[in-house]
Amino acid sequence: MSLIKSASTIGGSSVISQLIGAFTILFISYRYGMSAVGNYALMLGIIMIGAQVALYGSHFLLTKVHDDELETAIVFSFIQSWVVSALYIYLVRLIFDLPFWPTYILTASYSLMIVSENVLLRYKLFNTLSLQRISVTTVVFIAALCSWKDVYLYDVWAVFHLSLISFWLYKYVDFKKVKASNFYPTTQYKYIARHWQHLSRIGSAEVIANASLQLPTILINHWFSPLVAGYFAVVNRFCLSPVLIMGQSVRNYTFSKWSEDFRNKFFNIKEYRQVRALLFGLSVIVIVGIYFVYPWITERFLSEQWIQSISTSRMMLPYVFVMLAFVPLTVVELIFGSPTYFLRIQCEQLLIVVITFIILPLIYKDYALSLMMFSVLTAIRYLMIYININKRVLILKEQGFK
């Protein structure tokens, strides 16, 4: 399957998912208010960080391990999803007043969702992956529709989401091949030992990367208010999420394809250049759209509380550009590069979040200043990373990769 076709298959479904998600945010804002949107974004951010903490990069191994290790890898991810999620939510509830069971079930089921996605990527079932993603966002909207009060949203969402992911796993994971020996502590210990380099480096990097992505919403909710976090969440959904979806669509294809190339000791430099050009072109289009189209739509069709989010959307333009143009290309470092450097990339981004949304508000509490600093520093950092990735590609070329 070609780059454009594969990325378009995932990207097309992601656009549909985005539209459903956008309508869900719109529905929540009109039914419960913008503060409820901020609280929903807080819950989602905590869940997404928790899912990555639980898996700790083990889901990437599902596309890379040989067939004789696949069942052990799946069992390891399952155990991580349920056990680590419980510990994570216990610690989170010491800081945030969240209901334990819905948050725990959602964190574990989102971990399992990531497991399911990577199983589908391993077998290149891109159409099925697309359908799964659409179904996941549809479930959130149905949960919001069925919840007569915002406090019940998370209970309904948890039950629906876990049921849905259980269906996808049952349908596409061959549990008949799973043996009791896959659960033995000795088997799991040997698996961890074999892949410790990946788990300790790539796993840490993925957790930090996801934390860097989700923490701004959580910290804005903490420092300013759920209402301000609602504005940020709206821009994330309508401006940033489409960017992340497009980037992730390309990244999913390249990760699946280049992981196979890695096993065959091959790297397609021509395809890399095509991906780079595609991402840059999409980034320019998106920036123009956010600057001109988003305010036009908001001012003509939405309420005043949505109009207040326009300034946020413009302050985030440098951040949005690099998230699409440069960030998906970091998959090169993930597969072919140094795990230590990939970890360093994510640590530096987390440092930017700490500086702009923890240290700066302690000194001078101003939402616009924190957001603008975050956006500009991120853009500068990823420009430097982009330069280093191109150097990595040249090294691969010199080593004989074509």
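Trainee: Which residues lie nearest the centre of the largest pocket?

Mentor: F238, C239, V293, Y294 and I297 do, among the 17 residues that line the largest pocket. Keep in mind that we are looking at a predicted model. The space in the largest pocket comes to about 320 Å³.

Trainee: Which helices supply at least two residues each to that lining?

Mentor: They are α1 (3-32), α10 (226-263) and α11 (269-301). The largest share, seven residues, comes from α11.

Trainee: And how many nonpolar, polar and charged residues are in the lining of the largest pocket?

Mentor: There are 15 nonpolar residues, two polar ones and no charged ones. Phe, Cys, Val, Tyr and Ile all count as nonpolar, so the five residues nearest the centre, F238, C239, V293, Y294 and I297, belong to that class.

Trainee: Let's turn to E117 and R133. What makes this pair a salt bridge?

Mentor: Set the distance against the cut-off. A side-chain nitrogen of Lys or Arg has to be within 4 Å of a carboxyl oxygen of Asp or Glu. The closest N and O atoms of E117 and R133 are 3.3 Å apart, so the pair qualifies. It links distant parts of the chain: E117 is in helix α5 (residues 100-122) and R133 in helix α6 (residues 126-146), 16 residues apart. Both E117 and R133 are buried.

Trainee: How do you know that R381 and E348 form a salt bridge too?

Mentor: By the same test: their closest N and O atoms are 2.2 Å apart, and the limit is 4 Å. This pair also links distant parts of the chain, with R381 in helix α17 (residues 367-398) and E348 in helix α16 (residues 339-363), 33 residues apart. The count by this rule comes to two salt bridges.

Trainee: What makes helix α14 (residues 317-325) largely enclosed by the rest of the structure?

Mentor: Seven of its nine residues are buried, and that is why we call helix α14 largely enclosed. The buried ones are L317, Y319, V320, V322, M323, L324 and A325.

Trainee: Now the outside. Which residues form the nonpolar patch on the surface?

Mentor: F280, V284, V288, Y291, F292, V293, W296, I297 and F301 form it, with about 890 Å² of accessible area together.

Trainee: Why does F292 count as exposed?

Mentor: Exposed means over 50%, and F292 has 56% relative accessibility, so it passes. F292 lies in helix α11, the helix with the largest share of the pocket lining.

Trainee: How do you know that I89 and N252 are buried?

Mentor: I89 has a relative accessible area of 0% and N252 has 5%, so each falls under the 20% limit. I89 is found in helix α4 (residues 70-92), and its C-alpha atom is separated by 8.8 Å from that of I46, 43 residues apart along the chain. N252 sits in helix α10. From C-alpha to C-alpha, N252 and L121 are 7.5 Å apart in space, though 131 residues apart in sequence.

Note on methods:
Residues are numbered from 1 along each chain as its sequence is written. This is a predicted model: local features need pLDDT of at least 70, side-chain atom pairs count only at pLDDT 80 or more; totals for chains, interfaces and linings use all residues. Side-chain values use heavy atoms; hydrogens and water are left out. On a 1 Å grid over the protein atoms alone, a cavity is a set of points where a 1.4 Å probe fits but cannot get out, and a pocket is an open set with protein on both sides within 12 Å along at least five of seven lines; lining residues have an atom within 4 Å of a point. Grid points are joined across faces, edges and corners, and a volume is the space filled by probe spheres set on the points. Helices (H or I, at least four residues) and strands (E, at least two) are DSSP runs, numbered from the N terminus. Buried means under 20% relative accessible area, exposed over 50%, partly exposed in between (1.4 Å probe, protein chains only). Patches are made of residues with over 30% relative accessible area and no salt bridge: like charges are joined within 9 Å, nonpolar side chains (Val, Leu, Ile, Met, Phe, Trp, Tyr) within 5 Å. Accessible areas come from the Shrake-Rupley method with a 1.4 Å probe; for residues, only the protein chains shown count as cover.
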